[in-house]
Amino acid sequence: MIRNYIKIAWRNLHERKVFSFINILGLAIGFSSTFLIYLFLSHHLSFDSFHSNSDRIYRMVSEQHQDGIDFSPSVPPAFSNTFKENYDYAEKVAKIVYRFGFVMAVKNGATRAKFKHDVAFVEQDFFDIFNFPLLDGSNGVLLNAPNKAVITENIAKELFGTSDAVGKTFVLENDNTIQITGVLKNIPETSFLNREIFISFVNLQDFFGFAAGENWGGITTNLECYALLKPNQDITAIETALLELPKKHRPRSTNKHVYKLQPLSDVHVNPLYGGLNPVLLWIFTIIGLFLIAIACINFINISTAQAFYRSKEIGIRKVLGSVKSHLFWQFISEAFVLSFFSVAAGFLFAQVALPLFNELFQLQLSLRDLLNPGFFGFLLLLLALVSLVSGSYPGILMAKIIPVLALKGKLTQKDIGGQSTRKVLVVLQFSISIVLIAATIIISKQIDYAINTDLGFEKESIVMVNIPKEIDPIPLNGLKERFQGIPGVRNVAACLGSPGASDNSWSTNVKFGNRPNHEEFGVQAKIGDINYLKTFNIPLVAGRNFIKSDSPTEVLVNERFVEKMGFTSFDEVLGQKLEAAGGDVKATIVGLTKNFHDQSFTQDINPVFITPNTNWYGEIALKIDASNAKAILDQFDTTWSEAFSGYVFEYWFLDDRVAEQYATEQRYLSLSKVFSGLAIIIGCMGLYGLILFFVGQRKKEVGIRKVLGSDITSILNLFFVDFLKLMLIAGAIAIPFAWYFMELWLEGYAYRTEIRWWHFAVSILIVLTLTFITISYQTVKVALENPIKSLRTE
């Protein structure tokens with residue numbers, strides 16, 4: 001029986017090639033999108049699951065309670081040893097500290113090859129907590145002594161030309177000779193760890209004394225602490241026990257810490273601590289379901305529309321003894337055969353699209369990753385579900401046909417039914433398309449708003465250059481002067497980082513005036529020399545700039561600082577003392593700047609102070625003439641090489657760094673555009689199938705109307721008006737949904753664009769235009785035919 005169902009299904013699909021092609025193509029696009037989304041979700045949900053005890057690995061994180069709650073993926077440097085020594089919850093505890101842009105030199109004969117990489121300083125137990133396997137031939141991970149390193153196979157080949165690098169050495173930052181004690185297999189892409197060079201933690205003291213020390217005074221997000229807990233631990237009980245630590249070690253701090261344990265499985269998908277927002281994963285899951293649903297709607301609509309032509313076939317089957325269940329399963333079989341071919345085509349489409357998908361999200365996914373029992377189970381379930389959804393309603397509808405009327409040829413579309421259902425499905429189909437288009441427009445406007453709105457500081461034509469960590473004031477000033485002397489360089493400033501979009505974000509507590517306690521809010525520290533305001537074009541609104549100095553004796557604050565202090569006049573802060581950074585900054589407030597966006601638009605503007613300190617500079621900012629950028633950059637490189645031959649020259653443009661803050665949104669926007677386009681394409685293909693059927697069914701009517709004097713416009717209106725009503729209904733349904741979900745999305749931005757009526761009007765207009773084009777093609781073709789051909793049927 002099943003063989004017979006499939007044989008007849010194949011015959012029917014073969015006889016109606018155009019409609020079969022439309023259905024297969026629509027479903028294939030839906031399946032291919034689903035396969036890519038499945039790959040994407042599997043990738044993000046499998047992060048760090050390869051560790052043998054991943055369910056017992058936790059990251060120690062902090063909630064900082066001031067005037068609000070800030071979430072940090074780190075803890076104070078002293079937390080790790082205190083947790084190990086005073087509590088019995090963990091088998092292993094280890095810290096890892098990330099550092100950026102370190103120079104490594106490797107002897108190559110008489111010369112030295114220079115490389116620049118981000119590195120991590122880790123404690124010995126780190127590689128006992130995590131299962132990052134070593135290559136054969138390594139002597140073991142030995143990082144409990146100074147000047148030792150573990151590197152990945154990729155780095156070994158880059159530095160030494162071979163993975164057999166154990167025992168070899170490199171010079172770190174022109175000072176420390178580091179010996180390789182282990183070579184790791186390349187770290188999987190699905191890991192939180194994005195470093196490939198791991199150096200003994202004891203070496204950190206030379207580069208970042210705060211993180212290497214034992215203090216409770218603050219937190220740096222470059223430091224993370226991980227623990228392998230003993231089996232069957234109560235996390236709530238541990239977090240309750242940890243409440244005593246801030247009381248004991250930070251009793252007078254207004255920045256109240258609460259320490260939490262974050263599961264390893266949560267690290268990648270928790271936006272509070274810098275992970276991916278899982279809402280995005282859910283959104284793309286829903287989009288994948290939408291695309292499949294639209295393709296299923298096409299199948300149902302076309303199948304029910306063709307019921308009139310298959311009525312005699314059904315009538316004969318009933319006369320010969322077929323019961324309703326036989327007819328029902330016949331249509332399920334047709335849907336299954338069609339879905340099977342669609343799956344095969346979907347794999348081909350996915351393979352073609354995968355390189356672009358990988359490039360967009362900077363991944364290395366492969367369809368081979370789908371060759372696992374989980375995916376095959378998902379595929380069988382999806383295939384069964386699509387077959388049932390697509391074939392069940394047409395099967396039920398056909399099974400109701402009265403054989404006498406069918407065989408006498410007196411069956412009408414009204415007798416068959418399904419017209420109302422088709423209209424509902426068309427409305428649903430295009431409601432989904434309008435929602436996707438509107439969402440794409442609004443997301444695009446928000447990202448454009450964030451990137452192109454005035455940030456309160458200059459970002460165009462500013463080049464940021466990393467400077468050596470241990471640079472002294474005299475060579476630094478000499479380098480600045482040489483840069484300033486290059487034609488086309490307008491301003492030069494040394495700084496810790498740019499006003500916004502900087503990796504060197506630093507929040508600290510402050511004491512104001514003669515008040516005995518710290519204020520109950522954190523302040524962003526922006527360290528820069530006397531040219532900082534001029535280079536970034538940050539306006540002063542009161543007071544003056546600080547004097548030229550290598551240490552923080554004078555300081556500027558922004559308007560938000562005044563607001564947070566509760567003052568109404570700028571004069572109330574000018575001349576007052578400010579103490580910050582644990583007493584390292586003790587300065588007089590001499591000026592007030594306008595507010596600028598020190599964070600992305602997802603966050604509010606912070607209170608800020610700006611002060612000089614040569615010991616804390618990490619970058620040089622150069623305002624240049626953009627029309628001659630290449631020549632200027634070449635001269636920068638030459639000047640740098642003359643001044644710091646042992647270091648690698650590295651630069652980037654500040655406007656690019658600002659755009660990178662929204663790189664994730666940009667990627668998802670690009671994919672939203674693609675999926676919206678696919679939804680429209682699938683919908684229009686289904687619409688084309690319906691129009692093809694209806695035009696064929698009403699050829700005689702069109703011929704008679706032409707004989708009676710109707711022109712092409714009136715014939716076009718005959719078909720278009722009904723669909724116009726459905727499109728407008730779809731728009732009315734889609735607008736509230738799109739508005740609601742986009743409002744929810746925009747709530748994640750402290751500074752946001754407004755949702756306008758025209759966003760939805762444009763979405764509906766796009767759908768109407770494409771609908772009109774789709775309908776016009778077949779309608780005009782029939783309207784131009786000689787009416788004699790359509791009337792000469794007997």
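**Exercise 1.** Determine the strand order of the open sheet and identify its edge strands.

*Solution.* In this predicted model, the sheet is open and consists of 4 strands, arranged as E12-E21-E11-E22 with antiparallel pairing. The edges are strand E12 (489-495) and strand E22 (651-653), each of which pairs on one side only. On average, neighbouring strands are turned by 20° against each other, direction ignored.

**Exercise 2.** Describe how E12 is joined to E21.

*Solution.* Strand E21 comprises residues 619-624 and runs antiparallel to E12, the two being joined by 6 bridges. Within this pairing, Val492 has Leu622 in E21 as its bridge partner.

**Exercise 3.** Locate helices H17 and H20 relative to the sheet.

*Solution.* Helix H17 (residues 473-484) lies across E12 and E21, and its direction is at about 160° to E12. Helix H20 (residues 629-643) also packs on the sheet, where it touches strand E11 (462-466), E12, E21 and E22. The direction of H20 makes about 150° with that of E21.

**Exercise 4.** Classify the packing of H17 and H20 and characterise their contact.

*Solution.* First, the packing angle is about 155°, and the axes are 10 Å apart. Because angles over 145 degrees count as roughly antiparallel, H17 is roughly antiparallel to H20. Next, the crossing of the two helices is right-handed. Finally, H17 contributes Leu479, Arg482 and Phe483, which meet Phe636, Thr639, Trp640, Glu642 and Ala643 of H20. By class, the residues of this contact are 5 nonpolar, 1 polar and 2 charged.

Conventions:
Residues numbered from 1 in each chain as written. Predicted model: local features only at pLDDT ≥ 70, side-chain atom pairs only at ≥ 80, totals over all residues. Heavy atoms only, no water. Pairing = 2+ DSSP bridges. Axes fitted to C-alpha atoms, helices over the stretch in contact; angles between N-to-C directions. Contact = heavy atoms within 4.5 Å. Parallel < 35°, antiparallel > 145°, perpendicular 65-115°, else oblique. Left-handed = near helix turned anticlockwise from the far one by under 90°. Nonpolar A, V, L, I, M, F, W, Y, C, P; charged D, E, K, R; others polar.
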